[in-house]
Amino acid sequence: MILSPFETTLLWAGLCFYVYGTVFAFAAVKTGNAKSLARARLGALVGAFDHSLVLFSYGARTGRFPVSGAFEAFLFLATVVSLAALVLDWYRKLAVLVVGTLPLAVVTTLLAIMLALAPAAAGGTQSVSSAWTVVHVFIAMGSYGAFAIAFVTGILYLVEQRSLKQHASASILGLMPSLEAVARVNVRSIAVGAALLAGGIVVGYLRARKEFFGKGPEWRVDPKIIVSTLTFAVYTAVLVLSARPAFRGRRTALASVLSFLLVMANFSTSLFGSGIHRFR
C-alpha cells in the first residue's frame with residue numbers, strides 16, 4: 001500500500017509518541033513520579049490522535065472504508081486500545097492501564113508498519129462496500145479492542161498479585177489499584193468483547209448469506225468464521241466461569257491472557273487463511 005507523505009509522517013510520529021510514552025511509563029513504575037506518568041499519558045494520547053488522522057486521511061484519499069486491510073486493522077486496534085485505556089484511566093483512575101497498553105500499542109503499530117511495507121497478499125478479496133460491512137468491521141474490531149484490554153488487565157492482575165506476595169517496592173504498588181478493581185475491569189472487558197463479537201458474527205453472517213446466496217455452502221466453513229466462532233465460545237466460557245468462586249481472580253486473568261491468542265489467530269486467518277475475509 002502507498003501512504004501519502006502526510007500520512008507517513010503521522011504514522012511514524014504516532015509510533016515515536018507511543019515509544020516516548022512507554023519510556024516514561026516504565027519510569028513511572030520504577031520511581032512513582034507523577035510527571036513521568038503524565039508524559040506517558042501524553043504519549044498515548046498524541047500517538048492515538050496521530051494514527052486516527054492517518055486512518056481518516058487514508059480513507060478520504062482512497063475513497064474506501066479505512067479499515068479494510070491488515071495495516072489499517074492493526075493501526076486501528078492500537079488506536080482503540082490506547083484511547084480505551086485513557087478513558088478508563090480518566091473515569092476509573094486506572095493509570096496502570098495506560099502503562100500496560102503502551103507497549104502493546106508499540107508492538108501493534110510496528111506490525112502495522114511491517115505489513116504496510118510487505119507486498120500485498122495474493123488472492124485477497126475486494127471488500128464489499130456497504131453500510132453493513134462497515135458495521136460488521138467496526139463491531140468486530142471493537143471486540144478485539146475489548147479483548148486487548150482484558151489481555152492487559154489479566155497481565156496486570158497476575159503481576160500485582162505476584163508483587164503483593166513478594167512485597168514489591170511502594171512505587172510499583174502505588175500505581176496499582178486494588179486486585180478487585182483490576183478483576184472487575186478484566187471481566188467487564190471480556191463481557192463487552194464477547195457481546196460485540198456476537199453482534200459482529202451475526203451481522204457478518206447475515207451479510208455473507210445475502211452476498212453468497214446460491215453460490216454453495218463453502219463460505220460457511222471459511223477459516224475466519226470458524227476461528228471467530230471459537231473465539232466467541234472460549235471467551236463466553238471464561239465469562240461464565242468467572243462467576244464461580246474457584247475460577248474468579250487469578251484463573252480468570254490467566255484465561256483472558258491465553259485466550260488473546262485466538263484474537264491473534266483471527267488476524268492470521270485474515271492475512272493468510274480466509275477466502276472471503278482476506279485483507280488486501
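Predicted model: local features only at pLDDT ≥ 70, side-chain atom pairs only at ≥ 80, totals over all residues.

Q: OK, and how many residues does H2 have, and what does it span end to end?
A: H2 covers residues 34-62, which makes 29 residues. From first C-alpha to last it reaches 42 Å, close to the 42 Å expected at 1.5 Å a residue.

Q: What does the backbone do just after H2?
A: Gly-63 sits there with a positive phi of about 75°.

Q: Where else is there a positive phi, on a residue that's not a glycine?
A: Look at Lys-93, with a phi of about 60°. Most residues other than glycine have a negative phi. Lys-93 is in the loop between helix H3 (70-92) and H4.

Q: Is Lys-93 buried or exposed?
A: Exposed, because its relative accessible area is 67%, and the cut-off for exposed is over 50%.

Q: Let's zoom out. What's the overall secondary structure?
A: Nine helices and zero strands. Along the sequence the pattern reads α-α-α-α-α-α-α-α-α.

Q: And how much of the chain is buried?
A: 48% of the 280 residues count as buried.

Q: Now the charged pairs. How many salt bridges does the structure hold?
A: Two. In one of them, the side chains of Arg-61 and Glu-7 meet at 2.8 Å, N to O. That pair links distant parts of the chain, with Arg-61 in helix H2 and Glu-7 in helix H1, 54 residues apart.

Q: What about the salt bridge of Asp-89?
A: Its partner is Arg-41, and the two side chains meet at 2.4 Å, N to O. Asp-89 is in helix H3 and Arg-41 in helix H2, so this pair ties together parts 48 residues apart in sequence.

Q: Switching to H4: where does it kink?
A: At Thr-101, by about 25°, shortly before the proline Pro-103.

Q: And how does the span of H4 compare with what's expected?
A: H4 has 23 residues (95-117) and reaches 34 Å from its first C-alpha to its last, close to the 33 Å expected at 1.5 Å a residue.

Q: Last one: what does the side chain of Ser-256 sit next to?
A: A polar atom of the Ser-256 side chain lies 2.7 Å from the backbone oxygen of Ala-253. Ser-256 is in helix H9 (residues 250-273).

Q: Why does Ser-256 count as buried?
A: Because its relative accessibility is 0%, and buried means under 20%.

Notes: Residues numbered from 1 in each chain as written. Heavy atoms only, no water. Helix = DSSP H or I, 4+ residues; strand = E, 2+ residues; numbered from the N terminus. Expected span 1.5 Å × (residues − 1). Bend = angle between axes of the 7 residues up to and from the residue. Buried < 20%, exposed > 50% of the residue type's maximum accessible area, 1.4 Å probe, protein only. Polar contact = N/O pair within 3.5 Å; in protein donor to acceptor, adjacent residues only side chain to side chain. Salt bridge = Lys/Arg side-chain N within 4 Å of Asp/Glu carboxyl O.
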